[in-house]
Amino acid sequence: MKGEGFAALVFLAPSMGGILVFFLIPFADTVRRGFFDARGKNFIGLEGYASVLGNSAFRLAAANTAKFIAVCIPLLLLISLVIALLIRAVRPQGKTFKTTYLLPMAMPVASIVLLWQVLFHQNGLMNTVLTALGAQPVDFIGSNAAFWVMVFTYLWKNSGYDMILWLAGLDGISDNLYEAANVDGANAWQSFWYITMPGLLPTMGLVSILSLLNGFKVFREAYLVAGAYPHDSIYLLQHLFNNWFQNLDISRLCAAATILCGVLLILILLMQRFFREAD
Amino acid sequence: MTGKSSYVRPRCGMIARFILLTAVALLVWWVLWFMFMGSLMSLEELNATIGPAMGTAEGSATWPLLPAWPTLQPLVELLLDTPQFFVMFWNSFKIVLPSVLGQLLLGAPAAWALSRIRFRGRKALTTVYIALMLMPFQVSMVPNYLVLDQLGLMDTLWAVILPFTFSAFPVFIMLKGFDAVPRTLLEAASIDGAGYFRTFFSIGLPLGLPGILSALVLGFLECWSAIEQPMTFIKDESLWPLSLYLPQIAADKLGLAMAASLMMLIPAVLVFLFGQKYLELGIQSTGIKE
């Protein structure tokens with residue numbers, strides 16, 4: 001067909017227009033503002049960036065976000081993989097379980113916020129159970145335990161997503177391989193090590209990177225656990241951004257958003273290169 | 001190994017797997033159970049059982065398997081006597097429906113072009129969409145704010161609707177759906193004299209429907225449960241969606257809070273149940289490398 005360029009332009013214009021107006025152009029302005037002082041008048045160079053990187057709240061939030069990703073994402077990958085393998089193993093009855101595990105993803109955080117309070121409050125159900133078992137009650141929301149409540153919540157809500165990706169990866173491994181291994185007398189572990197694991201490698205790279213990037217979106221789970229003003233252990237970048245936003249500390253916010261975007265862009269470009277090389 | 005033991009052992013393994021799967025599933029089933037039973041409880045019973053966790057009673061919280069005296073009273077009160085709830089409920093729909101409709105109307109042609117029209121810069125442009133899709137709200141909130149402020153749209157529902165409308169995620173999902181449309185079909189249509197628009201409407205849309213539905217389901221769930229965006233861009237409480245109102249609901253309105261939580265959950269669960277196939281499809285398509 002002729003006129004590809006023109007046709008593509010017509011198809012893309014509405015969407016690209018919006019993306020330019022709402023994201024790309026103002027993002028350029030965001031980067032620019034990061035180099036100016038709070039009133040946007042005087043050029044201060046990298047000073048704004050330095051003040052963000054030196055800010056103790058920023059360091060806390062960045063460290064917590066990094067810690068969360070380092071702890072939670074491996075757990076997420078492992079748990080969702082085990083679930084996916086179990087579901088495959090009980091075929092064809094696995095469908096009910098698959099639906100069940102996917103459901104939390106659809107549950108709005110707002111609808112379960114009340115339940116989470118009932119569960120994790122000082123006088124809540126978890127502590128009722130702990131006390132009944134003879135253990136000491138735990139301050140789940142106001143102590144370092146909040147971090148683990150957030151990790152649990154994130155796993156509860158997001159394991160289903162990764163499970164679907166793993167299941168798709170498992171479906172891509174030919175049944176013939178397993179049958180051949182069976183004929184050769186391989187046991188379940190050997191089949192897993194020599195067929196399933198290598199077969200899942202491409203999926204593993206992709207699920208890891210997707211999960212890593214999605215880990216930056218954890219704010220909702222933290223908000224569910226502790227609202228807008230949480231314990232220090234789950235004070236995340238989004239909390240800090242909200243804080244600066246409320247104080248109209250826009251130039252700092254711009255510098256911080258630019259830094260975060262830079263870090264993520266590097267990750268995304270690495271991902272693209274990784275997959276191009278894998279081909 | 002005797003025939004009997006080799007028969008018994010796989011059975012044991014199977015039972016163990018089912019027990020494990022059920023144990024994990026209980027973490028989800030219990031939540032649903034709590035939500036449904038809780039909204040059938042009277043305020044007195046709620047106060048007596050979970051009141052301690054809400055700060056309205058002494059002692060420690062408990063939870064019965066079934067309500068002692070099931071009642072529809074809190075639900076009825078919420079639906080008939082709480083106009084505030086209706087405002088929030090409609091605010092949620094007023095945000096979700098235009099957002100999802102916009103995602104479809106603007107996103108589908110863009111996805112079609114990125115997927116099936118060969119033009120210069122296609123790869124680079126697709127990378128832009130992917131990068132935008134993967135960025136968390138922290139990155140887009142300032143740019144969004146700068147524009148919304150300039151346009152005077154802060155503190156209106158449009159402040160949430162417009163950024164959602166131009167979200168890159170649904171474009172990516174639909175793009176993956178359109179990738180399944182065979183190019184030979186398009187070439188045949190071209191030979192028959194069909195232009196780009198004819199091809200899009202008569203081949204692209206019908207064959208790309210699964211991808212479009214996936215984008216709709218994921219888009220609905222995302223907008224319906226959105227918290228960060230309305231929290232940042234809407235200060236006026238009369239414009240708040242249900243998702244912002246619920247976390248703030250006062251402990252003394254425990255019965256209402258229970259019923260409202262259920263009403264927040266039901267649309268999402270219904271969309272999930274009817275669209276599960278497309279939801280899974282959508283998730284899978286994020287797992288196909290570019």
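Reader: How much area is buried between chain B and chain A?

Author: Buried area is the accessible area (1.4 Å probe) that two parts lose on being put together, summed over both. Here that comes to about 8,900 Å², with carbon and sulfur atoms giving 78%. This is a predicted model, where local features need pLDDT of at least 70, side-chain atom pairs count only at pLDDT 80 or more, and totals for chains, interfaces and linings use all residues. Residues are numbered from 1 along each chain as its sequence is written, chains are lettered from A and ligands numbered from 1 in the order written, and side-chain values use heavy atoms, leaving out hydrogens and water.

Reader: How many residues of each chain are in contact?

Author: Contact means heavy atoms within 4.5 Å. By that rule, 104 residues of chain B meet 92 of chain A.

Reader: And how many salt bridges cross the interface?

Author: A salt bridge puts a side-chain nitrogen of Lys or Arg within 4 Å of a carboxyl oxygen of Asp or Glu. The rule finds three between chain B and chain A. Separately, take the pair Glu222(B) and Arg220(A): their closest N and O atoms are 3.5 Å apart.

Reader: Which residues of H11(B) are buried?

Author: Buried means under 20% relative accessible area and exposed over 50%, partly exposed lying in between (1.4 Å probe, protein chains only). In H11(B), Tyr196(B), Thr199(B), Phe200(B), Ile203(B) and Gly204(B) are buried. They share one side of the helix because their arc, taken from the directions from the helix axis to the C-beta atoms, is only 125 degrees. On the other side, Arg198(B) and Phe201(B) are exposed.

How values were computed
Helices (H or I, at least four residues) and strands (E, at least two) are DSSP runs, numbered from the N terminus.
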